[in-house]
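Visitor: I am new to this structure, and I would like to learn how to read its features one at a time. Could you show me the structure and then take me through it?

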Amino acid sequence: MFKREETRPVYVGGVQIGGQSSVVIQSMTTTDTRDVKATLAQIEQLADAGCQIVRLAVVNQDAAEKLAEIKKGSPLPIVADIHFDYKLALKALESGVDKIRINPGNIGSKEKTKAVVEACKERGVPIRIGVNSGSVEKRLLEKYGYPSPEAIVESAMNHVEILEDLGFYDIVVSLKSSDVPTMIKTYTLMAEKRNYPLHVGVTEAGTAYAGGIKSAVGIGTVLAMGIGDTIRVSLAADPLEEMKVAKNILKSLNLAATEPVVVACPTCGRTAIDLIGLATRVEEATAKLKKPLKIAVMGCAVNGPGEAREADIGIAGGNGEGLIFKNGEIIRKVKEEELFDELMKEIHEMEGLS
């Protein structure tokens, strides 16, 4: 386990961000927030896929007024995503949202900011400050010449200090860039400034495939440095794809304490079973299980038995058949067509589901 930076705990509904070793997964709905039925349906899907906090775009008063109904039916804490209009923030808070995403420096006078802060204090609702490379103030772009890590951090600190001056400290900060090296440096710099929990992501990462790789490199690197308390993978894709990437980033860093991990060999000319199909089926079938098992799906007798022995449960394929290993010991040999069912039977017993 990587040594985690110590950060101040912030509570979003019943979910803790910061002050702990686990990393919280977030996503954002793509529905029109005014369509309560469609929005709740997508939130249910995200929750089922492993999302822990969900953010909704609040573009006008009509959307803000629907938040109370959405909040009532949502299985996840709700974050209201608001830009510029402090009245939308106040309405969202009245509707019972669990967190506000707003930049204090962009909502007008100090009195407007103070009104939002006081409402958040009264309800125990945190504020996320979000600065992207595309939202850095003009004066900072002139100062630094481009949206550099230093410019993004200075912009974020300006917003942070507005809240601190008002005695508000339940803050989460995000500092995203679509450029991975910039994003990594930015989070590194911000971690030195304050101990507020950091929301990590690569903004505008791209499509499911390219954006997933980009997010894994950026988010994974930052988390491997012990920085970051919550993540959002931002893809031009169904938000359920964001869940897949986010969960696998955490699994690869051993930060998913309650998720099974499936390892599988890349196949070669020695493989005599349908390893790709089998590994895919196992990964899909175990995606929602809640025990941190290491499951090995190996294709031949060269490296397969050794890898399978290192796993909690696994198979090593042969010529139309395979060995099932459990805790390093061979428990039986089965035909290829029985491998999936027999492996899943063992996994379910280990999960206590049988």
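This is a predicted model: local features need pLDDT of at least 70, side-chain atom pairs count only at pLDDT 80 or more; totals for chains, interfaces and linings use all residues.

Visitor: With which residue does the side chain of Lys-288 meet in a salt bridge?

Guide: The partner is Asp-48, and the N to O distance is 2.6 Å. Lys-288 lies in the loop between helix 10 (275-286) and strand 12 (294-298), whereas Asp-48 belongs to helix 1 (residues 36-49), so the pair ties together parts that are 240 residues apart in sequence. Asp-48 itself is partly exposed, with a relative accessible area of 47%.

Visitor: How many salt bridges does the structure hold?

Guide: There are 18 salt bridges in the structure. One of them joins the side chains of Arg-232 and Glu-242 at 3.1 Å, N to O; Arg-232 lies in strand 10 (residues 230-232) and Glu-242 in helix 9, so this pair ties together parts that are 10 residues apart in sequence. Both Arg-232 and Glu-242 are buried.

Visitor: How should I read the nonpolar parts, and which residues touch the most other members of the largest core?

Guide: The general idea is that in soluble globular proteins, nonpolar side chains tend to be buried together. Here the largest nonpolar core has 75 residues, of which Ile-82, Ile-100, Val-173, Leu-175, Leu-223 and Ile-231 touch the most other members. Helix 6 (residues 149-165) gives the most to this core, with seven residues. A second, separate core of 23 residues includes Ala-296, Val-297, Ile-315 and Met-344.

Visitor: Is Thr-7 buried or exposed, and which side chain does its own side chain join in a polar contact?

Guide: Thr-7 is buried, because its relative accessible area is 14% and buried means under 20%. Thr-7 lies in the segment before strand 1 (10-12), and a polar contact of 2.9 Å joins its side chain to that of Asp-229. Beyond its neighbours within four places in sequence, Thr-7 is in contact with several residues, among them Gly-18, Asn-195 and Tyr-196.

Visitor: Finally, what should I look for in the backbone angle phi, and which value does Phe-84 have?

Guide: Most residues other than glycine have a negative phi, and most peptide bonds are trans. Phe-84, which is not a glycine, has a positive phi of about 75°; Phe-84 is found in the loop between strand 5 (78-81) and helix 3 (86-94), and counts as exposed at 57% relative accessibility. Asn-254 also has a positive phi, near 60°, and is found in the loop between helix 9 (239-252) and strand 11 (261-264).

Technical notes:
Residues are numbered from 1 along each chain as its sequence is written. Side-chain values use heavy atoms; hydrogens and water are left out. Helices (H or I, at least four residues) and strands (E, at least two) are DSSP runs, numbered from the N terminus. Buried means under 20% relative accessible area, exposed over 50%, partly exposed in between (1.4 Å probe, protein chains only). A nonpolar core is a set of buried Ala, Val, Leu, Ile, Met, Phe, Trp, Tyr and Cys residues joined through side-chain atoms within 4.5 Å. A polar contact is a pair of N or O atoms within 3.5 Å; within protein, one must be able to donate a hydrogen and the other to accept it, and residues adjacent in sequence count only if both atoms are side-chain atoms. Contact means heavy atoms within 4.5 Å. A salt bridge is a side-chain nitrogen of Lys or Arg within 4 Å of a carboxyl oxygen of Asp or Glu.
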